[in-house]
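Let's take a look at this one together. Have the sequence and the 3D view open while you read.

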Amino acid sequence: MKLYKIDGAENSYNDVNELFSTARSVRNDYFGSYLMEGEIKPSELLKKIDDKMKKFKTFLSNLQTLRADAVKLNADEEAKKLQETIKNMSIEQAQALMEQLKTRVPD
């Protein structure tokens, strides 16, 4: 099996036992946190994997929701900066900007 670390580094293992013969920190790099130690009991390992997958799906959903709101917040912040920039422009600069925007934005 091929496994990847966050940095993209790839390692191959022949089987689960070989993987679990590595240091716990190595496995944490692949799976984000602890799974199990000692003798590998496949049914327990499967349960832990399923539990972790369920948690990660919840985390991912929460992060996606948070990201959507952060995108809105960022857009609001950028809009405020743009408004300040426009307020400080001369009439000629504002007119030039308006002409540039007309050529980029369809009616």
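## What the pocket is made of

Start with the lining of the largest pocket: its residues split into 11 nonpolar, 1 charged and no polar. Keep in mind that this is a predicted model.

Who are these residues? The lining is made up of Met-1, Leu-3, Val-16, Leu-19, Phe-20, Phe-31, Leu-35, Leu-45, Ile-49, Lys-52, Met-53 and Phe-56. Lys counts as charged, so Lys-52 is the charged one in that list.

The volume of the largest pocket comes to about 200 Å³. Rolling a probe the size of a water molecule over the atoms is a way to show where empty space is left.

Which helices each bring at least two residues to the lining? They are H1, covering 16-19, and H3, covering 42-87. H3 gives the most, with 5 residues.

## The chain as a whole

Now zoom out. You'll find 4 helices and 2 strands in the chain, and from the N terminus on they come in the order β-β-α-α-α-α.

The C-alpha trace spans about 75 × 25 × 25 Å along its principal axes. The chain has a radius of gyration of 26 Å, while a compact globule of 107 residues would be near 13 Å.

How much of the chain is buried? Buried residues make up 10% of the 107. The accessible surface is about 9100 Å², and carbon and sulfur atoms account for 56% of that.

Finally, take the contacts with a separation of 6 or more: 16% of them link residues 24 or more positions apart.

Technical notes. Residues numbered from 1 in each chain as written. Predicted model: local features only at pLDDT ≥ 70, side-chain atom pairs only at ≥ 80, totals over all residues. Heavy atoms only, no water. 1 Å grid on protein atoms, 1.4 Å probe; cavity = no way out; pocket = protein on both sides within 12 Å on 5 of 7 lines; lining within 4 Å. Points joined across faces, edges and corners; volume = space filled by probe spheres on them. Rg over C-alpha atoms; globule rule 2.2 N^0.38 Å. Buried < 20%, exposed > 50% of the residue type's maximum accessible area, 1.4 Å probe, protein only. Contact = heavy atoms within 4.5 Å. Areas by Shrake-Rupley, 256 points an atom, 1.4 Å probe, with all protein chains shown as cover.
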